[in-house]
Amino acid sequence: MNTSALQDWQVANQRYLMAAVTVVRRRLENHIATEADTAGAERLTVAQESMDSAASQLPGPSALEMVCAAFDLSPFERDVLLLCAGMELAAVFARLCADAQGEINRPYPTWSLALDVFPNNHWSALTPDAPLQYWRLIEVGNGIAFTTSPLRIDQRLLNYLVGVQHLDERLRGMVEPLPSVGELLPSQQEIVAQVSKLWSTIHKTSPPIIQLCGSDKTSKSAIALAACQSFNLNLNILSADLLPLNISELDTPIRLWEREALLSASVLYLDCHNCDRTDALRDRIVNYLISRFQGLLLISSRERRPNLHRPTVTFEVTNPDISEQQLLWHHALGATATQLNGQLGTLISQFNLNAGTIHAVCAEVLGNCQGEQPAELSTALWNACRTQARPQMDDLAQRITTTATWDDLILPEAQHQILRNIAAHVRQRNTVYETWGFRSKSNRGLGISALFAGDSGTGKTLAAEVLARELQLDLYRIDLSQVVSKYIGETEKNLRLVFDAAENGGVVLLFDEADALFGKRSEVKDSHDRFANIEVSYLLQRMEAYRGLAILTTNLKNALDTAFLRRIRFIVQFPFPDITQRTEIWRRIFPAHTPTAGLDIHQLARLNMSGGNIRNIALNAAFLAADANEPVGMKHLLYAARSEYTKLEKSLTDAEVGGWV
């Protein structure tokens with residue numbers, strides 16, 4: 001309804017409402033009259049004719065008629081509602097109510113008055129399950145007796161009768177309209193069509209709950225909104241996080257929302273996307289709401305919620321597939337897409353973005369990079385995609401700023417070559433899987449995984465930094481010793497959160513302390529052994545499906561299950577550096593701007609230390625020299641070496657430091 005039509009309806013609706021209130025007023029006046037009043041009967045007839053005339057001028061159903069139909073009010077209940085509305089709309093009603101009841105102290109409507117005044121009265125209208133009280137259309141105040149207690153119309157309903165729409169104040173802060181969230185893709189339009197088909201019998205049967213599962217929150221909202229728009233229904237969202245944790249406090253909000261849904265032709269969208277299923281109390285509260293709610297209900301969750309005690313149809317909502325993402329990128333970039341020399345394929349293979357994010361990235365880059373060359377434009381798009389993926393990961397893992405290059409990584413040539421092969425697999429994934437068709441053969445095992453094994457300080461984390469910098473991807477470190485939980489189901493939950501958040505950005509995941517989870521799987525002797533094996537299987541499954549690079553580090557390769565090792569694509573053994581490699585590490589350890597004096601690289605290389613320990617010694621010596629206002633010399637390195645050895649509970653030998661100072 002446009003603005004002009006709405007205004008016309010509001011004027012006609014208010015005229016009709018006041019005419020209906022006048023009919024109730026005439027009935028009160030006739031009840032007060034002590035003798036038969038012919039003029040009173042005539043005034044009632046005129047009022048009824050005036051009401052009929054106002055009804056004929058309405059451009060659509062009046063608000064009063066819609067309330068009566070929505071809540072199935074009887075003629076008597078309709079009159080009671082109008083009696084309470086009259087108290088708010090016409091000052092004369094207070095006096096009339098007092099006079100009609102013969103009590104100056106009762107200037108308000110009561111059940112007793114309504115039963116006396118209105119025809120077609122029935123006692124069943126007074127019960128708590130009858131519409132007026134069940135739907136909170138009127139409020140019953142305190143009085144000496146129930147039938148003589150004050151009756152008052154609910155404020156939300158009064159405004160609705162007048163023609164003013166607004167959300168019930170008691171629901172504000174909990175329920176709010178869902179804003180428009182962008183266009184739909186063909187796969188999402190198919191889900192909308194299926195939901196619409198389920199809702200097409202809405203007036204014949206009780207429609208099922210619609211459950212939208214998946215990690216793409218934006219797409220689920222778009223699907224829900226489109227389904228509602230196809231039936232001219234409004235959509236309001238309720239976050240499960242806002243629900244009270246006391247079941248006794250839920251019944252009133254549920255009833256108020258069900259009423260609101262009828263008044264405003266709305267559907268409830270219950271957002272359980274961030275609701276932790278392991279939170280037993282919150283989960284029970286959500287299930288209680290679902291079981292009690294009677295209106296149209298859409299549920300958004302990451303995973304399917306079982307045992308909802310109502311007929312439920314579930315749809316899996318995934319991010320756009322590769323072909324849809326290509327269309328989205330081309331549409332958002334316009335003519336600029338043709339200037340990227342095929343780089344979009346690489347971008348799409350790395351970043352699994354939804355429609356809203358793709359449009360946001362393109363708007364940002366096109367606004368900031370007008371006139372840029374294709375290479376600069378590609379780089380800007382790549383970096384913008386990286387940035388978009390970060391907020392989801394920063395709360396779950398530590399992002400490592402990567403500055404290391406291949407020159408900083410001192411390893412035997414064989415290990416260097418494996419690392420370069422890993423980079424090649426990530427870079428050429430789109431060519432091999434999509435262009436050359438390997439994905440069509442099988443979707444299993446397409447994830448790129450690597451195991452870095454070796455003693456502490458041998459360069460495992462440094463190698464991950466080098467790969468991330470080479471691939472221009474973010475590196476996130478996850479400490480598996482913190483992820484693994486003794487509580488059943490917690491470990492999988494933690495791993496799921498990490499992989500779900502990382503999926504869109506294809507970041508490099510570095511799982512430290514892999515042996516905390518991937519030790520040799522035990523023979524199943526009790527439930528804890530069984531669930532420990534489930535945790536390993538879950539991680540293997542997610543790694544095989546992960547579209548990015550997942551790296552695991554361990555100090556104890558021999559402790560890992562061979563069945564696990566077979567499912568890792570690359571295994572890199574990081575050896576303890578020999579004297580030649582230590583010499584090279586010492587040669588490159590100090591930045592170019594660090595002042596040094598009299599350093600003997602070959603003597604330093606005699607220290608039997610890993611690369612990580614060498615860095616600690618060099619850094620400590622630099623601080624000592626800076627504090628003494630001297631260049632870094634052998635005496636500073638000797639002191640730092642002794643400190644490092646003490647920390648490791650080792651002793652320096654003459655073979656290592658003889659002749660240093």
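Predicted model: local features only at pLDDT ≥ 70, side-chain atom pairs only at ≥ 80, totals over all residues.
Figure 1. Because Asp 500 belongs to helix α22 (residues 490–503) and Arg 542 to helix α24 (residues 527–545), the pair ties together parts that are 42 residues apart in sequence. Arg 542 also counts as buried, at 13% relative accessibility. Side chains of opposite charge can pair when their charged atoms come close.

**Figure 2. Lys 220, a buried lysine without a salt bridge.** Lys 220 is found in helix α10, which spans residues 217–229. The residue is buried yet has no salt bridge. The nearest side chain of opposite charge is that of Asp 271, 6.0 Å away; this pair is not a salt bridge because the cut-off between a side-chain nitrogen and a carboxyl oxygen is 4 Å. With residues up to four places away in sequence left out, Lys 220 touches Leu 212, Cys 213, Gly 214, Tyr 269, His 273, Ser 300, Ser 301, Arg 302 and Val 317.

**Figure 3. Ala 226 in helix α10.** Ala 226 has its place in helix α10, the helix that also holds Lys 220. At 15% relative accessibility, Ala 226 counts as buried. Not counting residues up to four places away in sequence, Ala 226 touches Leu 184 and Val 192. Ala 226 and Arg 95 are 131 residues apart in sequence, and their C-alpha atoms are 51 Å apart in space.

Figure 4. In helix α5 (residues 92–101), Arg 95 and Asp 99 are four residues apart, about one turn of the helix. Their side chains meet in a salt bridge with an N to O distance of 3.4 Å. Arg 95 counts as partly exposed, at 47% relative accessibility, and Asp 99 is likewise partly exposed, at 40%. The N to O distance between the side chains of Arg 26 and Glu 29 is 2.9 Å.

Figure 5. Arg 136 has a phi near 55°, a positive value in a residue other than glycine. The residue lies in the loop between α7 (131–134) and β1 (138–140) and counts as partly exposed, at 26% relative accessibility. Asn 232 is not a glycine either, and its phi is positive at about 55°. Its loop runs between α10 (217–229) and β5 (234–239). Asn 232 is exposed, with a relative accessible area of 68%.

**Figure 6. Thr 336, a buried loop residue.** Thr 336 lies in the loop between α13 (322–333) and α14 (343–350). The residue is buried, with a relative accessible area of 16%. Leu 366 and Leu 377 are touched by Thr 336 when residues up to four places away in sequence are not counted.

**Figure 7. The whole chain as the setting of the close-up views.** The protein chain has 30 helices and 14 strands. Its radius of gyration is 36 Å, whereas a compact globule of 661 residues would have a value near 26 Å. Along the principal axes, the C-alpha atoms fill a box of roughly 130 × 60 × 60 Å. Of the 661 residues, 49% count as buried. Among contacts with a separation of 6 or more, 76% come from residues 24 or more positions apart. The accessible surface comes to about 31,900 Å², of which 50% belongs to carbon and sulfur atoms. The chain carries 61 positive and 73 negative side chains, with the centres of the two sets 5 Å apart. The count of salt bridges comes to 26.

Note on methods
Residues numbered from 1 in each chain as written. Heavy atoms only, no water. Helix = DSSP H or I, 4+ residues; strand = E, 2+ residues; numbered from the N terminus. Buried < 20%, exposed > 50% of the residue type's maximum accessible area, 1.4 Å probe, protein only. Rg over C-alpha atoms; globule rule 2.2 N^0.38 Å. Contact = heavy atoms within 4.5 Å. Areas by Shrake-Rupley, 256 points an atom, 1.4 Å probe, with all protein chains shown as cover. Lys, Arg positive; Asp, Glu negative; His and termini not counted. Charge placed at Lys NZ, Arg CZ, Asp CG, Glu CD.
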